[in-house]
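Try each task before you read its solution.

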Amino acid sequence: MTNIDELKSTGLKATLPRLKILEIFQKGTQRHMTAEDVFRVLLEERSDVGLATVYRVLAQFEQADILSRSHFESGKAVYELNEGQHHDHLVCLDCGKVEEFYDAEIEKRQHAVAKTKGFAIADHALSLYAHCTRDKCPNRPASGHNPA
């Protein structure tokens, strides 16, 4: 399915800004992006798409279930492609790097806890915040925290 077909299948017209933003998420090396990150890539590509348009398109993509939105420690909305498979996040407090993971045992325990409390989980988002323990973290700023 082409990007044009993908947008049309969600009820969105295939405008140039939408196509460019979708391509950034599909082909970019950064999986979790803020609106400012997307805008920065568009500026580097010398694209004529404004920041307000980026925010509007990201909201439309989230509503159309093309993107998923998370709020990590920074408080800013972070978007990623919704590929239909649940995963949780591990967020580095030093450099901001986000690692995705899935653990069947954690999933089972969450459902068991909910059940004992009289709930049935409809959806959830788990984000673990931690410090990188690697001595030479390639993502850590030069003056980064290293608790080891």
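Helices (H or I, at least four residues) and strands (E, at least two) are DSSP runs, numbered from the N terminus. The model is predicted: local features need pLDDT of at least 70, side-chain atom pairs count only at pLDDT 80 or more, and totals for chains, interfaces and linings use all residues. Residues are numbered from 1 along each chain as its sequence is written, and side-chain values use heavy atoms, with hydrogens and water left out.

**Exercise 1.** Find how many salt bridges the whole structure holds.

*Solution.* Start with the rule: a side-chain nitrogen of Lys or Arg lies within 4 Å of a carboxyl oxygen of Asp or Glu. Now search the whole structure. The search finds 7 salt bridges.

**Exercise 2.** Describe the salt bridge between K108 and E105.

*Solution.* Take the distance. The closest N and O atoms are 3.1 Å apart. Next, locate the pair. Both sit in helix α5 (residues 104–116), 3 residues apart, so about one helical turn separates them. Last, check accessibility. Buried means under 20% relative accessible area, exposed over 50%, and partly exposed in between (1.4 Å probe, protein chains only). K108 is exposed at 53%. E105 is partly exposed at 49%. Elsewhere, salt bridges with shared partners join R31, E80, E83 and E100 into one network.
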